[in-house]
Amino acid sequence: MYKFPTSLTSMSAAMTLQPVMRIQACSFKIEKERFGCRTKVPRNANMEKLRNGYLFPEISRLELEHIEKYPNAKLISLGIGDTTEPVPEIITSTMANYANALSTADGYTGYGPEQGHKALRKAIVKAFYKDLQIKDTEVFVSDGAQCDITRLQLLLGSKVTIAVQDPSFPAYIDSSVIIGQAGDLKGDGGRYGSIEYMNCGPENNFFPDLATTPRADVIFFCSPNNPTGHAATRKQLELLVKFARDNGSIIIFDSAYSSYVQDDRCPRSIFEIPGSRQVAIEISSFSKFAGFTGVRLGWTVVPDELLYSNGFPVIHDFNRIVCTCFNGASNVAQAGGLACLSSQGFKAVNSLVDYYMENANILGEALASVGLQVYGGANAPYIWVHFPGSISWDVCKDILEETHIITVPGSGFGPSGEGFLRISAFGHRECILEAADRLKTLFL
Ligand SMILES: Cc1ncc(COP(=O)(O)O)c(C=O)c1O
């Protein structure tokens with residue numbers, strides 16, 4: 001039986017297939033010569049505006065090149081941020097039972113509700129929005145937060161203006177470019193003319209200076225943040241909600257890493273902030289909390305009170321988008337999601353979160369011990385390391401050459417990420433310990 005190739009993490013190079021598949025997806029050559037004929041369909045001009053390839057396939061390409069160069073090296077990937085630990089058995093057995101039942105007359109199910117199964121929507125409210133007045137009818141189950149980012153872009157259309165944290169998860173900007181909101185790419189460090197970049201670095205405690213931030217229709221805000229690992233405090237999020245209310249903006253709050261928050265001063269949901277129901281949408285995911293990166297399951301909350309300028313409720317349009325462009329998450333994945341939120345399942349997945357947080361602690365301490373400026377890692381599975389005056393890609397390539405460790409250059413997350421490196425804490429413990437040793441040896 002054909003088996004999907006497994007993750008690269010800690011494997012010897014010869015055993016990998018996955019990066020080869022990824023690299024094919026990002027080869028951009030004009031193919032006229034090879035195929036001899038082309039259609040008369042013009043390329044979408046917005047696609048032409050995209051900068052390079054999507055960041056993570058680029059990292060996979062770097063990984064593959066390194067493997068070809070050093071076939072016997074023991075590569076450790078602290079790169080794209082994919083989860084590595086097995087999904088707890090209580091969850092996989094539920095999915096297996098659900099899948100097996102599909103072969104029986106009684107157990108067969110076809111399409112489910114486009115918005116997700118009621119039981120799962122209710123369980124999400126109970127697990128993540130207890131006492132926050134979120135209704136299950138406001139929760140839309142999805143196949144992952146990344147897909148919902150794009151569906152929200154489709155909902156909002158090309159005419160809205162957007163603001164993003166800089167640095168930020170690349171899908172916000174790339175999906176804005178694809179939908180036509182971004183304007184043209186400028187020379188100044190790769191910024192798009194119509195996007196407002198809100199600098200978030202150590203100098204402003206990773207929170208934008210809202211007094212000097214121009215109004216935008218839509219503000220993408222991720223906390224805990226990928227890549228900086230910073231979790232916004234309640235005070236910071238209160239300022240953000242006030243800013244959105246004063247300006248009549250919509251916040252798209254990405255809480256994909258909310259389960260990693262350890263500090264009580266940092267809310268896990270934007271809906272913990274009074275007044276947010278009129279100005280915020282929240283997207284979230286089972287990926288990083290339950291190891292569902294491959295299973296695919298997430299959700300979006302759109303409150304009833306969120307209205308467009310003409311008074312029409314946003315939730316009705318989002319429902320329309322979901323029904324038209326999606327058709328609902330896999331029933332098997334939803335069964336798994338429900339198992340994650342059972343009391344036993346919840347305990348099991350939270351122990352995975354604890355495991356990755358211990359990894360973050362090991363890496364953070366190792367890097368700090370050799371005098372590097374280290375941020376993040378306390379409320380997120382990412383360490384953000386500063387190399388003042390250096391070019392991120394150079395540092396990333398040097399570390400790879402010297403230690404066979406894959407990291408991600410900060411500049412891939414936005415111009416303000418230049419000079420930083422993102423190190424992921426997703427990995428088997430023995431790889432994390434070895435990576436910590438190799439990095440300490442390199443920087444001592
Ligand atoms: C901030 C953030 N949002 C969304 C996603 C995508 O999540 P999903 O796997 O649910 O599509 C990621 C994945 O790395 C992420 O880092």
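Trainee: What is the average pLDDT of the protein?

Mentor: This is a predicted model, and pLDDT is the predictor's confidence in each residue. The protein averages 92, and 92% of the residues score at least 70. Over residues 1–27, however, the pLDDT is below 50, although this stretch has 40 contacts in the model beyond near neighbours in sequence.

Trainee: How many helices and strands does the protein have?

Mentor: There are 15 helices and 13 strands. The radius of gyration is 22 Å, close to the 22 Å given by the globule rule for 444 residues, so the protein is as compact as a globular protein of that length. Of the 444 residues, 45% count as buried.

Trainee: Are the faces of strand E8 buried or exposed?

Mentor: A residue is buried if 20 or more other C-beta atoms lie within 10 Å of its own. In strand E8 (residues 298–301), Gly 298 and Thr 300 on one side are buried, as are Trp 299 and Val 301 on the other.

Trainee: Which residues of E8 are the bridge partners of Val 141 and Ile 283?

Mentor: Strand E2 (residues 139–142) pairs with E8 in the antiparallel sense over four bridges, and Val 141 has Trp 299 as its partner. Strand E7 (residues 280–285) also pairs with E8 in the antiparallel sense, over four bridges; here Ile 283 is partnered by Thr 300.

Trainee: Which residues are closest to the ligand?

Mentor: Of the 13 residues that surround the ligand, the closest are Gly 144, Ala 145, Gln 146, Ser 285 and Ser 287. By class, the shell has eight polar, four nonpolar and one charged residues.

Note on methods. Residues are numbered from 1 along each chain as its sequence is written. This is a predicted model: local features need pLDDT of at least 70, side-chain atom pairs count only at pLDDT 80 or more; totals for chains, interfaces and linings use all residues. A residue is near a molecule or strand if its C-beta atom, placed from the backbone, lies within 6 Å of it. Ala, Val, Leu, Ile, Met, Phe, Trp, Tyr, Cys and Pro count as nonpolar, Asp, Glu, Lys and Arg as charged, and the others, Gly among them, as polar. pLDDT is the predictor's confidence in each residue, from 0 to 100. Two residues are in contact if their C-beta atoms, placed from the backbone, lie within 7 Å. Helices (H or I, at least four residues) and strands (E, at least two) are DSSP runs, numbered from the N terminus. The radius of gyration is taken over C-alpha atoms; the globule rule is 2.2 Å times the number of residues to the power 0.38. A residue is buried if 20 or more other C-beta atoms lie within 10 Å of its own, exposed if 12 or fewer, and partly exposed in between; C-beta atoms are placed from the backbone. Two strands pair if DSSP finds at least two bridges between them.
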